[in-house]
Amino acid sequence: MISTRNLREGAIDGRQAVARAPAGHVVPKPVPESQAQDPRRYQLNQMKRRYSPIQNTLQDGTTNLLFQLKPSDPDFPFELDYLECELRVPASYPEKPPLLRVKNRNIPRGFAVNIERGWDRLAHENKDSTLLALTNGLDKNLEVFLSERKSETVTLLSFKDTRHLDHTATVLGETPSPKAQEPPKPTPAPSKSYIPEESYTQEQITTARGRRAQDIRQLESRMSRMPHYQKSADGVIYTLPLEPRRRAELPVELQRIQSIQLIIPLLYPLQSLRVLLNDVESKDAEELEELFAQKAAQQKQMSLTSHLNYLSQNMHTMARHVSAAREQAEAPPDHVGEPADSTSQRDTASPVASRDGRSHIRVIPRPPEWGIGDESGESDYSDSDDLWDSDDESDDGGAPAVDSGAGDASGAAPQAERGTAMSFPSVELHGIELLQVSILNICVKCERCKTLNDITGLGPGVEKAGSCRKCATAFAAKFRQEMVHQGSIRAGFIDVSGCTVADMLPSTFVPTCSRCSTSSQGLISVRGEAVTNVCRECHAKFTFKIPEVKFLAITPGGALRLPATGPRKRQEEKLGLQAGEALPGRGACAHYRRSYRWFRFSCCGKVHACDKCHDAASDHAQEWANRMICGWCSREQNYAAEACAFCGRSVIGKKGRGFWEGGKGTRDKTRMSRKDKRKFRRVGGGEAKKRE
């Protein structure tokens with residue numbers, strides 16, 4: 001063995017050649033370009049790829065990341081499967097440090113505070129570190145933080161309100177009696193009526209949770225793919241996009257609204273639903289939010305989607321009522337005194353009118369429906385309780401009163417509920433205020449033989465008749481159109497007779513742009529297909545999708561007039577064939593010598609030997625034949641590729657084996673195969689003797 005201990009000077013061994021690298025050779029760690037441009041987004045993406053957190057953004061731009069950190073130390077001494085962390089990254093990060101909150105319920109709050117303070121120390125000492133590096137540092141030092149002395153915390157105890165039992169509380173409007181000198185006490189607040197917290201039974205809570213889960217599933221299925229959609233970690237606050245129907249009629253301070261925060265309590269609908277308007281000042285939106293909360297509490301039977309639709313359709317009306325109530329509250333005193341003056345005048349005139357002991361004046365209350373079309377906006381909002389259930393056909397959110405004597409009413413009248421109702425549950429309308437079916441194509445089922453037949457080209461008010469393709473039973477259908485919008489999913493009614501509606505085929509729809517109220521051209525769509533287009537007037541993009549189509553038979557058919565007689569059946573040819581006998585020429589023709597069958601073509605029902613024979617004898621385009629007549633036994637049967645189903649004989653001729661290869665009846669030995677024994681027979685034998 002060669003020893004390496006005694007090496008000559010200049011020889012290279014396995015040790016480090018230089019104890020420390022020169023200072024000029026040390027270069028900084030390269031920084032990615034994306035991190036240099038936007039370090040906050042780059043570091044957030046790192047956390048997403050590493051921990052797959054639940055992310056939500058607050059109004060001030062702070063991003064919350066909720067994730068689980070599993071200790072990587074295999075010898076971790078504490079019984080902790082994972083650490084539930086909520087990382088709050090401010091909008092101005094990295095100028096402001098990130099904050100960490102521990103959400104584990106099985107960790108005492110004092111130890112959780114130690115972990116949070118340890119995170120703050122790491123963030124303060126390593127200001128240039130990324131969020132991922134800080135999280136890795138927390139993982140390494142987690143045992144140290146949990147080993148520290150438990151921090152002192154404050155425990156909050158519930159306080160039972162007993163103000164309703166205090167009989168000595170000060171009552172408004174009364175002067176307290178003087179009492180003896182006592183130690184000074186804090187001035188008691190004005191007494192308020194005690195309202196005990198409402199309690200619910202277990203059955204009510206279970207029902208409410210089921211209703212909340214159902215409404216939230218419907219809300220998420222419709223809104224989860226929309227922009228601005230966000231969901232809080234606890235599932236209580238939903239940030240949803242909102243497009244007011246009449247944005248131009250809103251007050252200037254509310255026209256910038258793009259999204260809302262919908263607060264859904266855990267015991268919804270037992271607890272009130274609330275909403276917060278984003279993109280606007282809180283002082284401008286508080287009254288409108290309170291008004292929505294009052295109406296939502298009154299209409300608890302409505303779903304979350306219905307509440308959102310109502311807010312989008314009637315926000316301008318609610319804002320108008322809020323403005324009217326504010327103006328009435330801020331009115332000067334002289335206006336407030338006018339009703340008292342009018343009352344005194346009425347009281348003064350009353351004795352004159354009632355000298356004979358009875359008054360000739362009868363006060364008739366104002367009918368509530370007179371205020372529906374009032375544009376002055378002076379009536380109080382509480383006088384129009386029917387606003388919530390209105391169809392929002394007028395500027396005030398209610399339907400305009402129509403004179404019964406008028407001949408033509410503005411707008412389309414609702415259709416009578418009869419026949420079969422067609423509706424689009426879960427229809428998605430984005431940028432569309434109205435959707436109507438201009439040309440309907442449906443598939444109907446015959447009442448007699450249950451065969452499916454197609455009816456196409458059903459326009460509004462157009463009646464179409466036909467007959468079953470199998471049993472020739474007559475049927476008819478008529479379509480009565482209705483408008484589909486955010487408040488109605490019914491597309492119309494179909495009156496049928498002699499059949500029932502089975503399904504909707506690809507049909508033509510006409511959407512109306514929600515921005516300029518311009519009807520678009522007809523667009524063909526079918527169930528489950530999303531159609532996107534651009535308005536030709538304002539160039540706004542809109543999309544609609546019909547995930548499901550439902551048909552509800554309200555009344556049986558029979559109102560339509562059916563054809564007097566059904567279509568006549570085709571009369572089959574009488575060929576005079578006898579079963580068991582062969583066809584003339586075994587069915588072969590001049591075009592196909594080896595085809596031993598005739599074909600019955602479905603286009604005309606007539607029999608021809610081949611397609612060329614059909615074209616020569618007919619003046620219409622051929623269709624595939626689905627029946628044939630065997631050339632050996634003359635029996636008609638369904639089409640078969642090779643053999644007859646009755647006699648079993650082949651109906652197509654087979655190719656020869658190549659015995660006669662020279663052509664027409666001759667044996668050309670120069671062209672015969674070498675494998676044929678006849679090619680060399682009698683060669684060199686008898687012929688040679690004859691030559692001699």
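Which residues line the largest cavity?

What we have here is a predicted model, where local features need pLDDT of at least 70, side-chain atom pairs count only at pLDDT 80 or more, and totals for chains, interfaces and linings use all residues. Residues are numbered from 1 along each chain as its sequence is written, and side-chain values use heavy atoms, with hydrogens and water left out.

Back to the opening question. The largest cavity is lined by Tyr-268, Pro-269, Gln-271, Ser-272, Leu-273, Ala-296, Ala-297, Gln-299, Lys-300 and His-307. Grid points are joined across faces, edges and corners, and the volume is the space filled by probe spheres set on the points. The search of the whole structure finds 1 cavity of 30 Å³ or more, and the largest cavity holds about 60 Å³.

Two of those lining residues, Tyr-268 and Pro-269, are joined by a cis peptide bond with omega about 5°. Pro-269 sits in the loop between β7 (259-263) and β8 (274-277). Helices (H or I, at least four residues) and strands (E, at least two) are DSSP runs, numbered from the N terminus. There is also a cis peptide bond between Tyr-93 and Pro-94, with omega about 15°, and Pro-94 lies in the loop between β3 and β4.

Now, helix α8 (residues 304-329). Its end C-alpha atoms span only 32 Å, whereas a straight helix of 26 residues would span 38 Å at 1.5 Å a residue; that expected span is 1.5 Å times one less than the number of residues. A kink of about 65° is centred on Asn-314 in α8, the bend being the angle between axes fitted to the seven residues ending there and the seven starting there.

Next, helix α4 (residues 131-140). Why is α4 described as largely enclosed by the rest of the structure? Because 7 of its 10 residues are buried. Buried means under 20% relative accessible area, exposed over 50%, and partly exposed in between, with a 1.4 Å probe and protein chains only. Among the buried residues of α4 are Leu-131, Leu-134 and Asp-139, and the buried set packs against α2 (39-51), β2, β3 (83-89), β4 (99-102), α3 (109-125) and α5 (142-147).

Strand β2 (residues 63-69) contains Thr-63, which counts as buried at 4% relative accessibility. The side chain of Thr-63 makes a polar contact with the side chain of Arg-40 at 2.8 Å. By polar contact I mean a pair of N or O atoms within 3.5 Å; within protein, one must be able to donate a hydrogen and the other to accept it, and residues adjacent in sequence count only if both atoms are side-chain atoms.

Finally, two positive phi values outside glycine. Ser-52 has a phi of about 50°, lies in the loop between α2 and β1 (54-57), and is exposed at 58%. Lys-450 has a phi near 60°, belongs to the loop between β11 and β12 (452-458), and is exposed at 53%.

To zoom out, the chain has 11 helices and 25 strands, and buried residues make up 33% of its 692 residues.

Note on methods. 1 Å grid on protein atoms, 1.4 Å probe; cavity = no way out; pocket = protein on both sides within 12 Å on 5 of 7 lines; lining within 4 Å. Contact = heavy atoms within 4.5 Å.
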